[in-house]
Amino acid sequence: MGTLTTIFSTPPLMVEKYSGDVKTLEEYAESISYHDNQNSYASDNTFVMNDDVFTDLKIFAEKCIEEYTINVFNSNHKFAITQSWITKNDFGQSIDIHSHPGSIISGVFYINLPKDSGCIEFNRGKSVFEIQINKDCSNPWMSDRYRVFAETGYLLLFPSNMLHSVKMNNVNQTRYSLAFNSFPTIPVGDIDMLTYLY
Ligand SMILES: [Fe+2]
C-alpha cells in the first residue's frame, strides 16, 4: 500500500477538567443580567472573568492557554484573556454558527451543562471534496463537523477562527457556559520575517 501523509491539519481542540468550585460560579451566573443574543441570552457584562469570583478559574484557564501555546505554537509566548461573557440557553434555545474575531485562542467553560442541553459542534466551513462519496466517512480528512459531549466543569480551548454552533437545549434546565477570547501579548512576531506587531 502507498503512504498516506497528512500534509496540513487544523490546530487542535484542547479539553481539560477544572477541579475548583463550580457551584459558586453557577450562583453568579444565575444572579447577573442578560440580553437577547439571537436565539439565546448573553450576559450584559462581557468582562466577567475580571470579577473576583472567577479568580481561580481564570488562573486555571491561563494555565491551559499556556499548555496549548507550548504544544501548538511550540512557544511560551504569553496570551492575555480579553473579553469573557456568560451564555444562557433555556429550553428550545441554541446558538447559530459563528467564530470569534479579534481573538486567537478562544475558550468555553461549562458552568452548568445538563444532559441534552445542547452540545457544541465545530464546523470546517467547507466541503473537502466537491462530491460526497460516503456519507458515513468520519475520519479527520473527510469530516466537516465535530461534536463535543462535555460535562459541567470542563474547559475547551480552540482556534478562535474555527466555526462552531451550539445545538438546541432539549431539557427544561438552563444551560450556562462561559466563553472567553485571548490574544498574544505585544510585542509579538519577528522583525526579520516582517511579522512584527507592537
Ligand atoms: Fe462561540
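User: Which residue just after H2 takes a positive phi?

Analyst: In this predicted model, asparagine 74 does, with a phi of about 55 degrees.

User: What makes proline 11 count as partly exposed?

Analyst: Its number of C-beta neighbours inside 10 Å is 16. A residue is buried at 20 or more and exposed at 12 or fewer, so a count in between is called partly exposed. Proline 11 therefore falls in the middle class.

User: Where is proline 11 found, and what is it in contact with, leaving aside its neighbours within four places in sequence?

Analyst: Proline 11 belongs to the segment before strand E1 (14-17). Its contacts are Val72 and Pro159. Valine 72 is 61 residues away in sequence, yet the two C-alpha atoms are 7.0 Å apart. Contact itself is judged on C-beta atoms, which must lie within 7 Å.

User: How do you know what length to expect for helix H2?

Analyst: The expected span is 1.5 Å times one less than the number of residues. Helix H2 (residues 55-72) has 18 residues, for which 26 Å is expected. From first C-alpha to last, H2 reaches 25 Å, close to that value.

User: Why are the buried residues of H2 said to be on the same side?

Analyst: The buried residues are Leu57, Ala61, Cys64, Ile65, Tyr68 and Thr69. They span an arc of only 135 degrees around the axis, which places them on the same side of H2. Thr55, Ile59, Lys63 and Ile70 are exposed on the other side. The buried residues pack against several elements, among them E1, helix H1 (23-31) and strand E4 (79-89).

User: Why are E5 and E8 said to stand at the edges of their sheet?

Analyst: The sheet is open, with four strands in the order E5-E10-E7-E8 and antiparallel pairing. Strand E5 (95-98) and strand E8 (145-148) each have a single partner strand, so one side of each has no neighbour in the sheet. From one strand to the next, the twist averages 15 degrees.

User: What makes E7 and E8 a pair?

Analyst: Two strands pair if there are at least two bridges between them. Strand E7 (residues 120-123) and E8 have four bridges, in the antiparallel sense, so they pair. Phenylalanine 122 stands opposite tyrosine 146 in E8.

User: How do you know whether the radius of gyration of the protein agrees with that of a compact globule?

Analyst: For 198 residues, a compact globule would have a radius near 16 Å. The protein has 18 Å, which agrees. Its C-alpha atoms fill a box of roughly 55 × 45 × 30 Å along the principal axes.

Terms used. Residues numbered from 1 in each chain as written. Predicted model: local features only at pLDDT ≥ 70, side-chain atom pairs only at ≥ 80, totals over all residues. Helix = DSSP H or I, 4+ residues; strand = E, 2+ residues; numbered from the N terminus. Axes fitted to C-alpha atoms, helices over the stretch in contact; angles between N-to-C directions. Rg over C-alpha atoms; globule rule 2.2 N^0.38 Å. Contact = placed C-beta atoms within 7 Å. Arc of directions from axis to C-beta.
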